[in-house]
Amino acid sequence: MSALKSNMFVVLTLVAVRVQSALWSIISDCDETFNYWEPLHYVLKGSGFQTWEYSPEFGLRSYSYLWLHALPAKIVGLVVDNGVVIFYSVRCLLAVVCALLEYRLYKVLGRKCGGGVCNLWLFFQLVNAGMYISSTALLPSSFAMYITLATIAAWLNEDTRTGVAVTALSGLIGWPFAVIVAVPFVLEQLFWRKQFVPFVKNALFFGCLFGVPIVLIDSIYFGKFTVAALNIIHYNVFTSHGPDLYGVEPVMFYAKNLFLNHNITMMLSLAYPIVVIVAGALGVRNTKNRLSPMRGLWVMSPLYLWLLVFVVQPHKEERFIFPVYPFFSLGTALLLDQTFSHLKRYYGAAKSSIPNRLMGFAVLGVALSLGITRMMANSMYYSAPMTILNGLPAANGQEMNVCYGKEWYRFPGSFFLPPNYRARFVESSFTGILPAYYQETHNGTQIVHDYFNDQNKGHPHMLFELNECDFLVDLDTGVFYDEQNKEPNYSADRKMWSIVDSIEFVLAARSESFARAYYVPSFSYSYLVYGRYNLLQRINIMSNYRPRGAIAKVFFDRIHNDDVIQQIDMTTWYTMGKLPRKYGGLYHHLNGPDELTLEWLERSKKTSGRFWLQLCHEVAKLFLNMFMTQTDINGFLKRGSMFILSEMQFDEFLTAGGFFQHRERQSALNVCDIGAGDGEVTLRLVHTLQQKRSWQVTTYATESSWTMRNRLNEKNFIVLETLNQIHQADLIVCFNVLDRCFDPHVMLSDIYESLDQSGFALIALVLPYSHYVEKNSSHLPLRTLLEPWPPEKRLTVEEELEMFFDVLQSVGFKIRTWTKAPYLCEGDLRQSFYWLTDYVVLCSK
């Protein structure tokens, strides 16, 4: 019973770890998407991308391999017709298959090599980042890795028939080069065991058993006799361009990738031959291990043979090493087991116990820490492409286009697209050949297209016009938008694109190597540079129809803009995607919009919908613009009212910042609003203070617009010429003035000096930062608030916030709390309301 429980624990542990890979591992190679997930989608759904390898002209890939996964996927599709569910179901199936094959080898290692080797091998497999990546990848090289597990088990069990069967299956349906793993096994059968006739019989039998249906299926799909395994060998071995058109890398490419994914197990497994040679020379043998040192080295020889073959090839890909990944764990387990035995033999059980344990814990600890942190880094830093398409809205029966430019190789596949969506490729600096959609006919796989070639030469057929894209996936690296660049930062083109969804994505080129390779809590963050992986929506996503008449155009814009507004998730007005590093702990989240905010929005819709009133305003503005500023016009027409926080939100925010503390004995408050406009925002704040403690509030204001000053006088504000006229103020409000004044630094100093020792300042700034001085011919300030400005690269909001808060602290302010809120403005004929993103901060002296 205990053995049964132990076996069940091992199986469940392996399955649990592999399923975690299925659910959280990223697609690390675009070849997996375009050569396997996309054709699989075509087989299942009748649509998907086709690469040149699937063209009948070349026939390098096998549809039989796809059907190994299509059959269970079709069963899942009968229950749940959802692409994402099918995708992860196939992955989970691969996870279970890998886990069961690992368990089979674990049991064989236990019988043939002892409990020490099998347990060490199991541990290294579980914490191995390479196995985490490869175990659930839909790639022939991962399939070959499964076969490697079965081959080693058959080899150690001396099960020739199974060994030949799985090798034949791997070479014919998966990846023909995977048979290299079985070369030592074949040589052993032919020359050592003298099993020539049985081997040939088994090879012919299984070759025909698997080969005939595979060739038949592929020939039906390609419309002519096709042996995909022979075609791929011919292309890679017997053509002058096959091995060096894609992914040509130096030898260090494999060294770096193997260390990242296998760390200490790579070094120890490669050092295993040295230990074996030394042990052989000394005549030492592990008494607990039935494998002699030389036999162990022979079992490990496929790893060294594989590396010898693939290291010298110019075309290098991480996936090419997948088939031998289990050998790194095996080599390390054999080396440690043999080393422990040698030390015990020479020094005795008592003296060798401590060194053996120290060595074992050190190796296990390094493998565990580097393996887990590598897995977490892959899943946490680079998972955005797998989830960003979740933000796509329903297509409602129309065909919608999601475009990829420089991010084409991170497209996760059509399984992630909602119904009626198409992925498209727009021009980028990549000039190689891209995939194209299969012809969606009954013979779509048999059609030869003139735009496919085996020379990696791009063709215009695969490119899509940017102006026809409804959505665009783009990586925002922080640079400014440059329309002359073939790979511009589309996220910075706010006139053309709005952000639907945004997810953090580590910019590897600008981050420290160790931090981006391994996730270390509290450490890695400081050495990483993040970009934003954005799903963008074209701002004018309606049809190209435009009415001709001026009034008709106004009505058309109104209907369109209000339709866009209806689709906005207003909770994002109050939500931060990422907090600035230095000041994140001071952030206070407001739940909004609340009832009072929604009431204001509804009133704005009604006011802006009064056609004749708004038309009169438009006509008046045409005349008044000749001698009045826009603010003066708004004051004169009594329009353009603003809204930032409701009374309840002011109360919550001031309470969170500690404004009401130690004011129990205070009966009166002096409040001053700088640039108060029509005073509506100030009145909400004053009502909040009066309702909170029944204070007698004296309200002061400054305002440069003469029409707005008249409106403030009507509301019984005490209007000041300058801020210097008030001293010992309890609360000074400065909403969205710092980026509109001539010298914001002088203004901040004046605010600080005018406050009482226990006074607070409530300051708001619109970001992204842009400075505009209305009453100035150049419209430029004497000094910008954020310096230097403009920066060398476009800053993120988090970086701008840090600069802003640093400026406040340099004046002497202590930041108590801050939040994000919408800066709302009453609408007009064209739109019900307008908004910007405000960042409100509460400071004290």
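**Entry 1: the annotated spans.** I began with residues 296-314, where the end C-alpha atoms lie 31 Å apart. That span is 84% helix and 0% strand. This is a predicted model, so I am reading computed geometry throughout. Why pick that range? UniProt, in an unreviewed entry, lists 296-314 as a "transmembrane region", along with 85-103, 137-156, 162-187, 199-222, 264-284, 320-337 and 358-377. I also checked residues 137-156: the end C-alpha atoms are 27 Å apart there, with 85% helix and 0% strand.

**Entry 2: H7 against H8.** Next I looked up how helix H7 (residues 140-156) sits relative to helix H8 (residues 160-174). Their axes come within 9 Å and cross at roughly 170°. Angles over 145 degrees count as roughly antiparallel, and H7 and H8 are therefore roughly antiparallel to each other. For the contact itself, I noted Pro140, Phe143, Ala144, Ile147, Ala150, Thr151 and Ala154 on the H7 side. On the H8 side they meet Thr162, Gly163, Val166, Thr167, Leu169, Ser170, Ile173 and Gly174. Sorted by class, the contact has nine nonpolar, six polar and no charged residues.

**Entry 3: the sheet.** I moved on to the strands. Eight of them form an open sheet, in the order S8-S14-S15-S13-S12-S9-S10-S11, with mixed pairing. Which strands are at the edges? Strand S8 (642-643) and strand S11 (718-720) are, each pairing on one side only.

**Entry 4: S12, S13 and a helix.** Strand S12 (residues 729-735) and strand S13 (residues 755-766) run parallel, joined by six bridges. I found cysteine 734 opposite isoleucine 763 in S13. Helix H24 (residues 744-754) packs on the sheet and touches strand S9 (668-674), S12 and S13. The direction of H24 makes about 150° with that of S13.

**Entry 5: around S14.** Is strand S14 (residues 814-826) mostly covered or mostly open? Mostly covered: eleven of its 13 residues are buried. I then checked its partners. S8 and S14 run antiparallel and are joined by two bridges, while S14 and strand S15 (residues 833-844) pair in the antiparallel sense over twelve bridges. Leucine 824 of S14 turned up in both pairings: phenylalanine 643 stands opposite leucine 824, and leucine 824 stands opposite tryptophan 835 in S15.

How values were computed: Residues are numbered from 1 along each chain as its sequence is written. This is a predicted model: local features need pLDDT of at least 70, side-chain atom pairs count only at pLDDT 80 or more; totals for chains, interfaces and linings use all residues. Side-chain values use heavy atoms; hydrogens and water are left out. UniProt positions are given in the numbering used here, feature names are shortened, and annotations may be inferred rather than shown by experiment. Helices (H or I, at least four residues) and strands (E, at least two) are DSSP runs, numbered from the N terminus. Axes are lines fitted to C-alpha atoms, for helices over the stretch in contact, and angles run from 0 to 180 degrees between N-to-C directions. Angles under 35 degrees count as roughly parallel, over 145 as roughly antiparallel, 65 to 115 as roughly perpendicular and the rest as oblique. Contact means heavy atoms within 4.5 Å. Ala, Val, Leu, Ile, Met, Phe, Trp, Tyr, Cys and Pro count as nonpolar, Asp, Glu, Lys and Arg as charged, and the others, Gly among them, as polar. Two strands pair if DSSP finds at least two bridges between them. Buried means under 20% relative accessible area, exposed over 50%, partly exposed in between (1.4 Å probe, protein chains only).
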